[in-house]
Amino acid sequence: GGLASPPTGVVIADTSDEASLRAMSARTHVLMNATGPYRFYGEAVVSACIATTTDYCDLCGEPEFIDRCQLKHSDAARTAGVLVVHACAFDSV
C-alpha cells in the first residue's frame with residue numbers, strides 16, 4: 001500500500017514558466033520548495049501547486065512572502081484541498 005511513486009529523475013522547471021511549474025508539481029503528491037529568495041520566485045510555485053492539487057511546503061523564513069501567500073492564496077488552496085505550509089525547517093525558526 002501507500003503512496004509509492006516511481007523515481008522522478010531530474011525535473012527542470014523555471015519560475016518564469018507557469019506551464020513548466022504545473023508539469024513539475026503534477027508529478028508529485030507533495031512539493032518541497034527550496035527556491036529563493038521566495039518573495040521573488042516562490043509565489044509561482046505555490047500557484048502551480050494549487051492548480052495541480054499538490055500539497056506544498058517550503059523552508060522559507062521571509063515574513064513578507066508568507067503573509068502575501070496567506071492573503072492571496074488561502075481561499076484557493078482551501079477550495080482545492082491543498083496544504084500550503086511555510087517555514088518547515090530549522091533554518092526558518
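Biologist: Why does threonine 53 count as exposed?

Modeller: This is a predicted model, and in it threonine 53 has a relative accessibility of 52%. Exposed means over 50%, so the residue falls in that class. The place of threonine 53 is in the loop between H3 and S2. Its phi is positive, about 50°, although threonine 53 is not a glycine.

Biologist: What is the class of alanine 87, and what is its relative accessible area?

Modeller: The relative accessible area of alanine 87 is 33%. Alanine 87 belongs to the segment after S3. Its phi is also positive, near 60°, in a residue other than glycine.

Biologist: Why is leucine 59 called partly exposed?

Modeller: Leucine 59 has 30% relative accessibility, which lies between the limits of 20% and 50%, so it is partly exposed. Leucine 59 sits in the loop between S2 and H4. Its C-alpha atom is separated by 4.9 Å from that of cysteine 88, and the two residues are 29 residues apart along the chain.

Biologist: Glutamate 62 is in the loop between strand S2 (55-58) and helix H4 (63-80). Why is glutamate 62 called buried?

Modeller: The relative accessible area of glutamate 62 is 18%. Buried means under 20%, so glutamate 62 is buried.

Biologist: How many aromatic pairs does the structure hold?

Modeller: There are two aromatic pairs. One of them is formed by tyrosine 38 and phenylalanine 65, with 5.5 Å centre to centre and 35° between the planes.

Biologist: What makes the pair of phenylalanine 40 and tyrosine 41 edge-to-face?

Modeller: The angle between the planes is 75°, and the centres are 6.4 Å apart. An angle over 60 degrees counts as edge-to-face, and 6.5 Å is the limit on the distance, so the name applies. Phenylalanine 40 is exposed because its relative accessible area of 58% is over 50%. Tyrosine 41, at 37%, lies between the limits, so it is partly exposed.

Biologist: How do you know that the span of H4 is close to the expected one?

Modeller: H4 has 18 residues and reaches 24 Å from its first C-alpha to its last, against 26 Å expected at 1.5 Å a residue. H4 also has a kink of about 60°, centred on histidine 73. Just after H4, glycine 81 takes a positive phi of about 75°.

Biologist: Which residues of H4 are buried?

Modeller: Phe65, Ile66, Cys69, His73 and Ala77 are buried. What covers the buried residues of H4 includes helix H2 (38-41), helix H3 (43-51), S2 and strand S3 (84-85).

Biologist: What is the order of the strands in the open sheet?

Modeller: The order is S1-S2-S3, three strands with parallel pairing. Strand S1 (30-33) and S3 are the edge strands, since each pairs on one side only.

Biologist: How do you know that S2 pairs with S1 and with S3?

Modeller: Pairing requires at least two bridges. S1 and S2 have four bridges in the parallel sense, and valine 30 stands opposite aspartate 55 in S2. S2 and S3 run parallel and are joined by two bridges, with tyrosine 56 opposite valine 84 in S3.

Methods. Residues are numbered from 1 along each chain as its sequence is written. This is a predicted model: local features need pLDDT of at least 70, side-chain atom pairs count only at pLDDT 80 or more; totals for chains, interfaces and linings use all residues. Side-chain values use heavy atoms; hydrogens and water are left out. Buried means under 20% relative accessible area, exposed over 50%, partly exposed in between (1.4 Å probe, protein chains only). The expected span of a helix is 1.5 Å times one less than its number of residues. The bend at a residue is the angle between axes fitted to the seven residues ending there and the seven starting there. Contact means heavy atoms within 4.5 Å. Rings of Phe, Tyr and Trp (its six-membered ring) pair if their centres lie within 6.5 Å; planes under 30 degrees apart count as stacked, over 60 as edge-to-face and the rest as tilted.
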